[in-house]
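The sequence and structure are shown first.

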Amino acid sequence: MAGLLPGGVLVAVLLLLAAAAPASARDYTVGDSSGWTTGVDYTAWARGKAFTVGDRLLFQYNSDRHSVAEVSAADHGSCSPSNPLRSYRDGTAAVALTSPGTRYFICGSSGHCASGMKLTVTVASAKPSSPGDGE
Ligand SMILES: [Cu+2]
């Protein structure tokens, strides 16, 4: 007759936790099943995706053939990997989108960027800034 329902309590707690977690944070595998390689249109891949602060980009690639270089807008435009802001060579890179703005990625292998292995991602704020945030 105690009437305690641990299972019900657990479900209630889980629901509360789920409600508190940022619903928008998610991982995007760049190029989906194709990964980071030549012959994929990354402009088309990024189109329509609502990248948000807290999300991550997952680059998966053959490190013998490709790399990931995060570069400036100018270097993205000119496909110049010689001055990367950050570079990744280990075959799998998780890039956290930690602030709003535009980020630029290219492949560091000769000729790959020019043939389309380049990605631009525009990251939106996690939530609208509210009065009193003091930004
Ligand atoms: Cu490449």
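## Metal site

The copper ion is coordinated by H66 (ND1), C107 (SG), H112 (ND1) and M117 (SD), at 2.0 to 2.6 Å; donors are N, O and S atoms within 2.8 Å of the metal (3.2 Å for Na, K and Ca), and water is not among the atoms, so sites may look incomplete. The angles among the four donor atoms of the copper ion are 96 to 130°, and the site is tetrahedral (four donors with all angles between 85 and 135 degrees). Along the sequence, the donor residues follow the spacing H-x40-C-x4-H-x4-M.

H66 lies in the loop between β2 (56-60) and β3 (68-71), and H112 in the loop between β6 (101-106) and β7 (118-123), so the pair ties together parts that are 46 residues apart in sequence. Strands here are DSSP runs (E, at least two residues), numbered from the N terminus. Both H66 and H112 are buried (under 20% relative accessible area, 1.4 Å probe, protein chains only).

## Sheet

Four strands form an open sheet in the order β4-β3-β6-β7, with antiparallel pairing; two strands pair if DSSP finds at least two bridges between them. At the edges are β4 (86-88) and β7, each of which pairs on one side only.

The antiparallel strands β6 and β7 are joined by six bridges. R103 has V121 in β7 as its bridge partner.

## Basis of the model

This is a predicted model, in which local features need pLDDT of at least 70 and side-chain atom pairs count only at pLDDT 80 or more, while totals for chains, interfaces and linings use all residues. Residues are numbered from 1 along each chain as its sequence is written, and side-chain values use heavy atoms, with hydrogens and water left out.

Methods
Tetrahedral: all angles 85-135°; square planar, octahedral: opposite > 155°, others 65-115°. Buried < 20%, exposed > 50% of the residue type's maximum accessible area, 1.4 Å probe, protein only.
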